[in-house]
Amino acid sequence: MALETTTIVAVFAHPDDEGSVAGTLARQARIGRVAGVCATRGELGEISDPGLATPDNLGEVREGELRRAYAELGVDDVRFLDYRDSGMDGTEGNKDPRAFMNADPNEAAGKIAAILREVGPALVITFEETGGYGHPDHLAVHRVTTDAFKLAGRHGRLLYAGFPRALMLELFGRAKDAGVDVGFFSELDITKLGLPDEAIDFVIDTSEMREQKQAAFRQHKTQFSEDEGIFSRFPDDVRERFFAREYYQFADGKPYNGPKPGDDLFA
């Protein structure tokens, strides 16, 4: 396939997952092309305000939220793989044969590979192997995107996005000490989630894109309250490190001798 040297394809599981790399995508959309691929429409997500959606139309509403979020980032190429949200691990949604976690991995990888061949990105971005917090669809999108990248011919480079494990430990440790309710995150073993610090190959400073990133975040109204949900409960300095830095691991494991963190990811 032809390689478009300033193009990114971002592949995630649900509307709002793109938020972890929104600064990178917004910056790249200014000078190149970005295509956003979403495996599901997040049909089993939360509903922050019953006036925004119902369980029956949540997928449709969240599709609109994602399109508006990407528009805030300057991205108009948004595609869906048309699988159904699997829900959190251990819930009834896991049993739905339409659920992304139950999809034929070859079929799913083939769909993504077809997009990669069409677009020819220099970079493909998806979740790191823990999916941030172990959601079944996050784990699935990591696996099938990795397979799709190989299937498409390994042109360009595959990146895994995630938060540093040390930062997550600090974040939730400080929240616990402050008596902050972090919901289901309190039940997770943070020591097994995120990217180990030594696995991080590249850190991008996206502070200049913060306003766009937050504007995109606010489009996901069904999932987050006006005060940015759980993030509003953490100390400002920790929130800043979440919003102003984006973290990547090169999937091929090759030694990295490129620009210093914060420089051009395409250099």
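1. Aromatic pairs first. Searching the whole structure, which is a predicted model, turns up three aromatic pairs. One of them joins F12 and F127 in an edge-to-face arrangement, with 4.9 Å from centre to centre and 80 degrees between the planes. F12 belongs to strand β1 (residues 4-12) and F127 to strand β4, so this pair ties together parts that are 115 residues apart in sequence. Both partners are out of the solvent's way in the plain sense of the term: F12 is buried, and F127 is buried too.

2. Another of the aromatic pairs is F217 with F224, and this one is stacked: the centres are 4.5 Å apart and the planes 25 degrees apart. The angle is under 30 degrees, so the pair counts as stacked. As for F217, its relative accessible area is 14%. The cut-off for buried is under 20%, which means F217 qualifies.

3. Back to F127 and its strand. β4 covers residues 121-127 and is mostly covered, with seven of its seven residues buried. Which strand does β4 pair with in the parallel sense? That would be β5 (residues 157-161), and the pairing runs over five bridges. F127 takes part in this itself: its bridge partner in β5 is A161. So if you're looking at F127, check both contexts: the ring pairs with F12, and the residue is bridged to A161.

4. Two charge-over-ring placements are worth a look in your viewer. R41 has its charged end over the ring of F80, at 4.5 Å from the ring centre. K111 does likewise with Y83, where the charged end sits over the ring at 4.3 Å from its centre.

5. Now the overall layout. The protein chain has seven helices and seven strands. Reading from the N terminus, the order of elements is β-α-β-α-β-α-β-α-β-α-β-α-α-β.

6. A few whole-chain numbers to finish. The protein chain has 267 residues, and 51% of them count as buried. Take the contacts between residues at least 6 apart in sequence: 80% of these join residues at least 24 apart. The accessible surface comes to about 12300 Å², and carbon and sulfur atoms account for 48% of that.

Conventions:
Residues are numbered from 1 along each chain as its sequence is written. This is a predicted model: local features need pLDDT of at least 70, side-chain atom pairs count only at pLDDT 80 or more; totals for chains, interfaces and linings use all residues. Side-chain values use heavy atoms; hydrogens and water are left out. Buried means under 20% relative accessible area, exposed over 50%, partly exposed in between (1.4 Å probe, protein chains only). Helices (H or I, at least four residues) and strands (E, at least two) are DSSP runs, numbered from the N terminus. Two strands pair if DSSP finds at least two bridges between them. Contact means heavy atoms within 4.5 Å. Accessible areas come from the Shrake-Rupley method with a 1.4 Å probe; for residues, only the protein chains shown count as cover. Rings of Phe, Tyr and Trp (its six-membered ring) pair if their centres lie within 6.5 Å; planes under 30 degrees apart count as stacked, over 60 as edge-to-face and the rest as tilted. A charge sits over a ring if NZ of Lys or CZ of Arg is within 6 Å of the ring centre and within 35 degrees of the ring normal.
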